[in-house]
Amino acid sequence: MPKEDRSDWVAVAPEFAEAACSKTGKVRPVQSAYQFFQRHATEDAKAELIAAEGKFEVGKFSRLVRDRWNKLDPEEKRRFEGMARDDASRFASESHAADVAAIERRSK
């Protein structure tokens, strides 16, 4: 079977390529307070594990971060809970914008 000649083809943007909320068109999911804390504590926890054992193990890392979260001062936890509330607001706003854009595309 001969190969199809595509030399005269023209690239066209997909019909629904435009996204209202981001370049990818997807709304980033909400992050929890624990996820914000985990991102904050990652480097210290990794360095501590490597210094103590000479290697990094995911299971031990997860337990270390979890234990630090459980022992965290309530005042310090409020900081991460505030970050989570802000992220939930961002998610609601982006989701609403994406829904409005989708409805507008459908009505066209």
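Predicted model: local features only at pLDDT ≥ 70, side-chain atom pairs only at ≥ 80, totals over all residues.

User: What do Tyr-34 and Trp-69 form?
Analyst: An aromatic pair, edge-to-face. The centres are 5.7 Å apart, with 80 degrees between the planes. Tyr-34 lies in helix H1 and Trp-69 in helix H2, so the pair ties together parts 35 residues apart in sequence.

User: Which aromatic pair do Trp-69 and Phe-80 make?
Analyst: Another edge-to-face one: 6.5 Å centre to centre, 65 degrees between the planes. Trp-69 is in helix H2 and Phe-80 in helix H3, 11 residues apart. Phe-80 is buried, at 1% relative accessible area.

User: Which residues form the aromatic cluster?
Analyst: Tyr-34, Phe-37, Trp-69 and Phe-80 form one cluster. The count of aromatic pairs comes to 5.

User: New topic. How do H1 and H3 cross?
Analyst: Their axes come within 8 Å and cross at roughly 120 degrees. H1 and H3 are therefore oblique to each other. The crossing is right-handed.

User: Which residues make that contact?
Analyst: From H1: Ala-33, Phe-36, Phe-37 and His-40. From H3: Arg-79, Phe-80, Glu-81, Met-83, Ala-84 and Asp-87.

User: How many are nonpolar, polar and charged?
Analyst: The contact of H1 with H3 has 6 nonpolar, 1 polar and 3 charged residues.

Note on methods. Residues numbered from 1 in each chain as written. Heavy atoms only, no water. Axes fitted to C-alpha atoms, helices over the stretch in contact; angles between N-to-C directions. Helix = DSSP H or I, 4+ residues; strand = E, 2+ residues; numbered from the N terminus. Parallel < 35°, antiparallel > 145°, perpendicular 65-115°, else oblique. Left-handed = near helix turned anticlockwise from the far one by under 90°. Contact = heavy atoms within 4.5 Å. Nonpolar A, V, L, I, M, F, W, Y, C, P; charged D, E, K, R; others polar. Phe/Tyr/Trp six-rings, centres within 6.5 Å; stacked < 30°, edge-to-face > 60°. Buried < 20%, exposed > 50% of the residue type's maximum accessible area, 1.4 Å probe, protein only.
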